[in-house]
Amino acid sequence: MSYRFDFSFVPQYWHLFLEGAQTTLLISLAATLGGFALGTLCAVARTRGPRWSRRLVTAYVEVFRNTPLLVQIFLVFFGLASLGLRIDATTAAIAALIINMAAYTSEIVRAGIEATGTGQMEAASALGLRPAQAMALIVLPPALERVWPALASQFVLLMLASSVTSTISVEELTGIANRVQSDTFRPFEVFSIVGGIYLVLSFLLRGALWLAGRLLFPWRWQAA
């Protein structure tokens with residue numbers, strides 16, 4: 001094996017790696033917040049909504065959980081453009097990630113809601129709370145507490161999956177890696193660095209989500 005490793009290009013391109021990591025985090029944050037909000041609404045509609053909303057959400061979840069994320073990104077970016085609605089690559093990437101994330105989040109949150117039981121809704125109704133108030137104040141907090149570890153893992157997976165947005169020219173971390181390796185002709189070194197950055201981002205995100213769980217559900221840790 002005569003291959004010689006050469007990382008001498010790193011100081012020249014390091015600012016690009018940092019910009020790519022920043023873009024990855026921003027895209028992931030926007031998609032996580034949007035996907036969580038939409039997924040929670042879908043979960044509520046599927047568990048407490050009328051029959052038509054349950055069927056609609058079920059169809060949505062099955063379609064987007066059983067088709068590749070890359071195809072969904074292409075449909076949003078190229079499909080909408082062919083219909084006359086042109087949006088920039090970053091917006092298309094965030095929209096596709098939100099739609100995809102919401103489908104998975106919906107199933108996770110639905111499991112938490114169904115595990116809560118109907119007794120609490122009946123008690124809330126007896127206290128005079130409206131269904132929406134009961135869901136927001138009584139059912140969702142313990143439901144989200146139960147499934148928070150699963151949600152946190154899904155958020156991290158979303159951050160890693162955002163790498164496919166480079167296929168529509170979004171200059172997140174993987175997109176920057178493709179750009180740098182085409183300039184330096186050092187693909188092994190470039191993607192080794194990017195892999196390490198993704199690893200660091202994953203640990204940082206997991207730590208942030210763990211801290212968020214402690215702030216959102218302090219009684220969980222006090223009981224433990």
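Helix α7 passes helix α8 in a right-handed crossing (left-handed if the near helix is turned anticlockwise from the far one by less than a right angle, right-handed if clockwise). This is a predicted model, where local features need pLDDT of at least 70, side-chain atom pairs count only at pLDDT 80 or more, and totals for chains, interfaces and linings use all residues. Residues are numbered from 1 along each chain as its sequence is written, and side-chain values use heavy atoms, with hydrogens and water left out.

**α7 with α8**
- α7 covers residues 173-184, and its axis lies 9 Å from that of α8 at an angle of about 160 degrees (axes are lines fitted to C-alpha atoms over the stretch in contact, with angles from 0 to 180 degrees between N-to-C directions).
- α7 is therefore roughly antiparallel to α8 (under 35 degrees is roughly parallel, over 145 roughly antiparallel, 65 to 115 roughly perpendicular and the rest oblique).
- The contact (heavy atoms within 4.5 Å) includes Leu173, Ala177 and Val180 of α7, and Pro187, Phe191 and Val194 of α8.
- By class, this contact of α7 with α8 has ten nonpolar, four polar and no charged residues.

**α1 with α8**
- The axes of α1 (residues 10-48) and α8 (residues 187-216) come within 11 Å and cross at roughly 40 degrees.
- That angle makes α1 oblique to α8.
- The crossing of α1 past α8 is right-handed.
- Among the contacting residues are Trp14 and Phe17 of α1, and Ile193 and Tyr198 of α8.
- The contact of α1 with α8 has eleven nonpolar, one polar and no charged residues.

How values were computed:
Helices (H or I, at least four residues) and strands (E, at least two) are DSSP runs, numbered from the N terminus. Ala, Val, Leu, Ile, Met, Phe, Trp, Tyr, Cys and Pro count as nonpolar, Asp, Glu, Lys and Arg as charged, and the others, Gly among them, as polar.
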